[in-house]
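Please read the following report alongside the sequence and the coordinates.

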Amino acid sequence: MNDEVINLRNVWVHYDSMPVLEDVSITVYQHDFLGIIGPNGGGKSTLLRVMLGLVKPSRGEVRVLGGDPEHNRRYIGYVPQYSLFDINFPINVRDVVLTGRAGHALFRRYTDQDKELAYNALKMVDMLPFENRQIGELSGGQRQRVFIARALAAGPKVLLLDEPAAGIDARMQTEFYELLEKLKEKMAIVIVSHDITAISIYVDTIACLNRKLFYHGSKEITPEDLMATYQCPVELIAHGVPHRVLREH
Amino acid sequence: MIEILQYGFMVNALAAASLAAIACGIIGVYVVVKRIVFISGGISHASFGGIGLGYFLGIDPVLCVIPFSIASALSIGEVSRRTKVSEDSAIGIIWTMGMAIGIMFISLTPGYAPDLFSYLFGNILTVPRSDLWIMLLLDIAIIAVVYLLYKEFLAITFDEEFATVIGIPAHKLYLVLLCLIALTVVVLIRVVGVILVIALLTIPAAVSRRFTDDLRKMMVLSIFFAALFSITGLYMSYALDLPSGSTIVLVSGIVFSLLELFRHVRRNPPLSAI
């Protein structure tokens, strides 16, 4: 089982004795492209924070690359919700991406190798021409790419993206998912979103989360899963191309 | 302006203004970009407890403030993390506790506290030489730490959570940053007093943000602005016989307001101009 990147076993998380995650088990493998969907407040961000070792489960076990998440989370490329940033912060694109190396270069200067990795990451996301721009001068989609480059600069084994489609227009979204297709060759990808249509076409497997996780290790989700997740009947739309997401209904 | 330099107190005052500008220019940038102005206000007010302790023990209050402001910085940084108290409540409590302790010590000290007012609102004209040495040492310590941890501070001020994830001891470094704020408060006490400290920690950095998008340049510029405001304020207070601390703060505030006003006018020309 060497290709397990993230493993959660029977994880429970409580905030003030209120359960936020109930008995969640999931394994992310090396070449997975997993989408986790669920309503706002369903515990999606908490699940990511558990994977990152930022929230300790009250019960259950979390493994990242077979070890303690607090130790191994530096192999996770984390792309937080971009809306949480102060876009006026006086920092340019190059320096944002370099902070992806800051954990490796702790208490020493950035080496040429650090700079090269940051350069390559920027190139990967096609943002090299913008490296001297202040972060607030970019569009939402461009900023998203810079934050992906920052995560890539650290050399991650898995990319975790929190609501990546928020604040990006439709055209940029297509380019964005094409970028993820490219990255999929090199690492596992986990996307968390409340917007089912945004991710369903591209991901290989889908899980539904509303405190409990409904997951069959495939891309198929049943109407029953969606009902349980969203607590109300959900109108299902099958996209047909390029894969069928939903069973005949 | 030259002839007033023949007074020894004026030379000391100029030295104090410059040393204060270095500390608040560098650390004020972090206070502004990380938006921890209220936390810094809490640290500076709470350090009044150290001044009271200095009076009570009969030692230099400025020296006594150092452990006191560091302790308040660390408590503000830790309380909200370890308990369920929200951060701003914790700040409010430590802010007022420190001031109350200061007043308590002063009232327990026999006799009258003659220059109490200058610790509250600053009096740059009465800075003794011994305090200049303390200020110089603290400046050196602040510059050294920021030089060594610049990259790490940039990562935690921009995105503390991401910094934690990639393996930076973000919370510990945040506490180090709060301690640097505490030391900056000590450097500034003689110049503007504990109550007005926050002006010099925010205004020069906020003004310099208008001119650059680079954190390093912002630091250099805000040292320059802090020195400019302090020396202008000092000269005006000498020439017009005004209290130095509040003159310095008002000069800073007026320059800031004029710049904002000018920027606003330039960016939004009146309809008739289009």
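## Helix α4 of chain B

In α4(B), the buried residues are B:Pro61, B:Val62, B:Cys64, B:Val65, B:Phe68, B:Ser69, B:Ile70, B:Ser72, B:Ala73, B:Ser75, B:Ile76 and B:Gly77, where buried means that 20 or more other C-beta atoms, placed from the backbone, lie within 10 Å of the residue's own. Helices here are DSSP runs of H or I with at least four residues, strands are runs of E with at least two, and both are numbered from the N terminus. The cover over these buried positions of α4(B) includes α2 (37-46), α3 (48-57), α5 (87-108), α6 (116-121), α7 (129-158) and α9 (170-209) of chain B.

Helix α4 of chain B runs over residues 61-82, and because its 22 residues should span 32 Å at 1.5 Å a residue, the 31 Å between its end C-alpha atoms agrees with expectation; the expected span is 1.5 Å times one less than the number of residues.

## Basis and confidence

This is a predicted model, in which local features need pLDDT of at least 70 and side-chain atom pairs count only at pLDDT 80 or more, while totals for chains, interfaces and linings use all residues. Residues are numbered from 1 along each chain as its sequence is written, and chains are lettered from A and ligands numbered from 1 in the order in which they are written.

The pLDDT, the predictor's confidence in each residue from 0 to 100, averages 91 in chain B, with 96% of the residues scoring at least 70. Over residues 270-274 of chain B, however, pLDDT stays under 50. Where pLDDT is low, the predicted coordinates should not be read in detail. For the complex, the predictor gives an ipTM of 0.87 and a pTM of 0.89.

## Overall form of chain B

Chain B has 11 helices and 0 strands, and buried residues account for 49% of its 274 residues. Its C-alpha atoms fill a box of roughly 65 × 55 × 35 Å along the principal axes. Among contacts (C-beta atoms, placed from the backbone, within 7 Å) in chain B between residues at least 6 apart in sequence, 74% join residues at least 24 apart.

## Chain A and the interface

Helix α1 of chain A, residues 44-51, is mostly covered, with 7 of its 8 residues buried; among them are A:Leu47, A:Leu48 and A:Val50. Just after α1(A), A:Gly53 takes a positive phi of about 70 degrees.

The contact between the chains takes 20 residues from chain A and 20 residues from chain B.

How values were computed
Buried ≥ 20, exposed ≤ 12 C-beta atoms within 10 Å, placed from the backbone. Contact = placed C-beta atoms within 7 Å.
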